[in-house]
Amino acid sequence: MDVIAARLARRPKDAVIGLNLGANKDSDDRPGDFARVLTACGAHLDFATVNVSSPNTEKLRDLQGKAALGALLGRVLEARDALERRVPVFLKIAPDLTDAELADIAEVALAAGIDAIIATNTTLDRAGLHGAHAAETGGLSGAPLFEKSTRVLARLGALTEGRVPLIGVGGIGSAAQAYAKICAGASAVQLYTALIYDGLSLAGEIAGGLDRLLARDGFATLAEAVGSKREDWT
Ligand SMILES: Cc1cc2nc3c(=O)[nH]c(=O)nc-3n(C[C@H](O)[C@H](O)[C@H](O)COP(=O)(O)O)c2cc1C
């Protein structure tokens with residue numbers, strides 16, 4: 001944390017920086033860990049993400065439960081409010097949640113006043129996969145995650161009805177897929193795995209492709225398209 005805070009203090013001033021907050025695996029005060037990272041690094045951030053959805057940290061996803069999440073968000077937002085500048089705080093959720101769990105998360109996130117919800121992190125699901133690596137443990141990202149994460153995004157849109165912006169992530173590798181996330185309810189998208197295959201130029205390609213898709217469907221702005229096809233995914 002201290003090393004990263006020092007590095008962030010030297011960041012290029014025109015860079016947009018979002019920091020993922022997490023807890024140590026062996027911590028006996030996980031909410032305290034999240035809050036401490038934000039306190040240490042908050043001066044250098046454009047946004048922070050509360051990550052309760054990585055399957056690679058033991059018991060981290062337990063923090064998605066209603067009571068635990070409410071307490072966690074309370075601690076993090078208290079640390080945020082003590083910063084000298086207002087840093088938006090996002091919540092990032094897992095795709096492997098039941099409808100009831102998702103409804104609880106939406107309720108708690110709205111009550112806490114979180115600035116956006118990011119759907120989703122990687123999955124533990126291996127349905128439909130075959131081949132030598134299908135049984136490996138850990139979070140699965142990329143193409144096999146696209147549909148599942150988009151369904152969670154759309155359900156979250158139905159639960160929150162525009163009261164909090166949603167950020168779509170999971171399996172995006174093309175403008176058409178970014179557009180599908182937007183039409184399912186995302187106001188912004190993120191991608192990770194596809195960058196490994198296609199490199200950083202993919203971001204520009206997707207932005208250009210999105211312009212063409214919006215024009216094709218008669219949308220003057222991206223905001224107009226947000227959630228326009230949510231029913232296809234719920
Ligand atoms: C190797 C790897 C490491 C990741 N580390 C994190 C992490 O530290 N925090 C987090 O919130 N998500 C993490 N993710 C999840 C990604 O940010 C993203 O939500 C997920 O991979 C789905 O998007 P994608 O299909 O475009 O990769 C990681 C994913 C991968 C593949």
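Analyst: Start with the contacts. In this predicted model, residues 24 or more positions apart make up 71% of the protein's contacts with a separation of 6 or more. The protein has nine helices and six strands. Its radius of gyration is 18 Å, close to the 17 Å that the globule rule gives for 234 residues, so the protein is as compact as a globular protein of that length. Along the principal axes, the C-alpha atoms fill a box of roughly 50 × 40 × 35 Å. Of the 234 residues, 37% count as buried.

Now take helix 5. It covers residues 146-160, which is 15 residues. From first C-alpha to last, helix 5 reaches 21 Å. That is close to the 21 Å expected at 1.5 Å a residue.

Which residues of helix 5 are buried? They are S149, T150, V152, L153, A154, R155, L156, G157 and L159. What do these buried residues pack against? Two of the partners are helices: helix 4 (99-112) and helix 6 (175-184). The others are strands: strand 4 (116-119) and strand 5 (166-169).

Look next at the end of the helix. Just after helix 5, E161 takes a positive phi of about 45 degrees.

Finally, turn to the ligand. There are 17 residues around the ligand, and N51, S141, L191, Y192 and T193 come nearest. By type, the shell divides into six nonpolar residues, 10 polar and one charged.

How values were computed:
Residues are numbered from 1 along each chain as its sequence is written. This is a predicted model: local features need pLDDT of at least 70, side-chain atom pairs count only at pLDDT 80 or more; totals for chains, interfaces and linings use all residues. Helices (H or I, at least four residues) and strands (E, at least two) are DSSP runs, numbered from the N terminus. The radius of gyration is taken over C-alpha atoms; the globule rule is 2.2 Å times the number of residues to the power 0.38. A residue is buried if 20 or more other C-beta atoms lie within 10 Å of its own, exposed if 12 or fewer, and partly exposed in between; C-beta atoms are placed from the backbone. Two residues are in contact if their C-beta atoms, placed from the backbone, lie within 7 Å. The expected span of a helix is 1.5 Å times one less than its number of residues. A residue is near a molecule or strand if its C-beta atom, placed from the backbone, lies within 6 Å of it. Ala, Val, Leu, Ile, Met, Phe, Trp, Tyr, Cys and Pro count as nonpolar, Asp, Glu, Lys and Arg as charged, and the others, Gly among them, as polar.
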